[in-house]
Amino acid sequence: MRLRIGSRGSQLALWQANHIAGRLREQDHDVDVHIIHTTGDKIVDVALSKVGAKGMFTKEIEEALSDKQIDLAVHSLKDLPTELGEQFEIAAIPAREDPRDALCSADYSSVQELPPRAKVGTSSLRREAQLRAMRPDLLIHPLRGNVDTRLRKLESGEYEAIILALAGLRRLGKTELVRQVMPIEVMCPAAGQGALAIEIRRDDDKVRSALTFLDDKAARAETDCERALLKELGGGCQVPIGANAKFSDGILHLQAVVASPDGKTVLRDSGTGENATALGALIGGRLLKQGGGTILEQVYAHAGPQPEQP
């Protein structure tokens with residue numbers, strides 16, 4: 001088959017798209033990668049949590065998919081809305097990279113070793129909230145841009161440390177400045193972090209069949225569980241919600257967190273189960289009852305108009 005892949009144009013997005021293209025070429029498919037610029041790529045001077053746009057890294061790619069300009073889209077799963085348009089589906093979630101966050105620094109080996117009032121870069125409310133809970137004395141500053149841009153800002157001395165997803169650093173071979181891989185219990189990752197999603201048109205049986213070999217059972221179960229929790233909480237990818245599920249011997253273990261942006265309130269819950277969506281909804285509901293709903297309402301009020309549920 002001739003297959004056209006749609007992807008964002010960042011170095012990491014293209015690595016991901018070309019990785020999937022390579023896997024498909026091994027199956028004797030003729031594959032091209034098409035770069036599509038998204039809203040999230042164009043808005044580079046505003047913290048993501050302030051934008052509040054639904055599908056800001058996926059909308060234009062889905063439009064190209066709908067218009068049959070491409071046959072499949074490769075996304076970072078954490079960027080993909082939890083509710084897809086009815087004409088789309090996730091055909092495959094390949095084997096997952098390590099979902100944890102990483103502290104990168106030129107001079108310090110851990111969050112604990114950072115000096116008082118050290119400048120730390122991140123534009124993720126989830127990371128910021130959990131970091132403030134650990135070290136309320138740190139100065140958290142916005143950090144946008146691709147991985148190379150963020151690392152350059154660190155190396156130039158703009159920050160004492162930055163927090164990035166370990167998966168992206170590993171995929172790009174840029175782990176030299178990783179000093180600490182953050183434990184899940186301390187900094188719970190974003191739902192779907194470290195996983196890729198391959199999206200297709202729901203009515204495209206031929207492309208679905210071509211992608212079947214890429215779908216990983218464990219990655220699918222884990223991310224279904226995490227995204228079910230996110231959906232239950234009514235939160236998007238830019239709110240202070242963390243979720244991490246591990247699949248082993250048919251059982252899922254889910255850890256989740258909802259935190260206030262100042263880090264003063266951190267709600268955690270966990271559970272086990274066999275049904276991914278049921279477990280995610282259960283833990284999400286329990287976090288709402290603990291006060292998670294109040295935290296999220298305050299986050300949305302502070303950010304302005306509440307974004308649509310992704």
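Among contacts in the chain between residues at least 6 apart in sequence, what percentage join residues at least 24 apart?

1. Contacts along the sequence. The share is 69%, counted among contacts between residues at least 6 apart in sequence. This value, like every other in this note, is computed from a predicted model.

2. Overall architecture. The chain's secondary structure amounts to ten helices and 13 strands. Its radius of gyration is 19 Å, close to the 19 Å given by the globule rule for 310 residues, so the chain is as compact as a globular protein of that length. The C-alpha trace spans about 55 × 45 × 40 Å along its principal axes.

3. Burial and surface. Of the 310 residues, 53% count as buried. The accessible surface of the chain is about 13500 Å², and carbon and sulfur atoms account for 47% of that area.

4. Lys 59 and Glu 63. These two residues form a salt bridge in which the closest N and O atoms are 2.7 Å apart. Both belong to helix H4 (residues 59-66); because they are four residues apart there, about one helical turn separates them. Lys 59 has a relative accessibility of 42% and therefore counts as partly exposed. Glu 63 is also partly exposed, its relative accessible area being 39%.

5. Asp 101 and Arg 127. A salt bridge links Asp 101 to Arg 127, with 2.8 Å between the closest N and O atoms. Asp 101 is part of strand E5 (residues 101-104) and Arg 127 is part of helix H5 (residues 125-134), so this pair ties together parts that are 26 residues apart in sequence. Are the two partners buried or exposed? Asp 101 and Arg 127 are both buried.

6. Arg 208 and Asp 205. The closest N and O atoms of this salt bridge are 2.6 Å apart. Both residues lie in helix H8 (residues 205-211), where they are three residues apart, about one turn of the helix. Arg 208 is partly exposed, with a relative accessible area of 24%, whereas Asp 205, at 52% relative accessibility, counts as exposed. The cut-off for exposed is over 50%.

7. Cysteines. How many disulfides does a search of the whole structure find? The search finds zero. Cys 104 takes part in no disulfide, and the nearest cysteine sulfur, that of Cys 188, is 19 Å away. A disulfide requires two cysteine sulfur atoms within 2.5 Å, so the separation of 19 Å rules out a pairing of Cys 104 with Cys 188. Cys 104 is buried, with a relative accessible area of 1%. Cys 225 is likewise in no disulfide; here too the nearest cysteine sulfur is that of Cys 188, at 11 Å. Cys 225 counts as buried because its relative accessibility is 0%, the cut-off for buried being under 20%.

Methods:
Residues numbered from 1 in each chain as written. Predicted model: local features only at pLDDT ≥ 70, side-chain atom pairs only at ≥ 80, totals over all residues. Heavy atoms only, no water. Salt bridge = Lys/Arg side-chain N within 4 Å of Asp/Glu carboxyl O. Helix = DSSP H or I, 4+ residues; strand = E, 2+ residues; numbered from the N terminus. Buried < 20%, exposed > 50% of the residue type's maximum accessible area, 1.4 Å probe, protein only. Rg over C-alpha atoms; globule rule 2.2 N^0.38 Å. Contact = heavy atoms within 4.5 Å. Areas by Shrake-Rupley, 256 points an atom, 1.4 Å probe, with all protein chains shown as cover.
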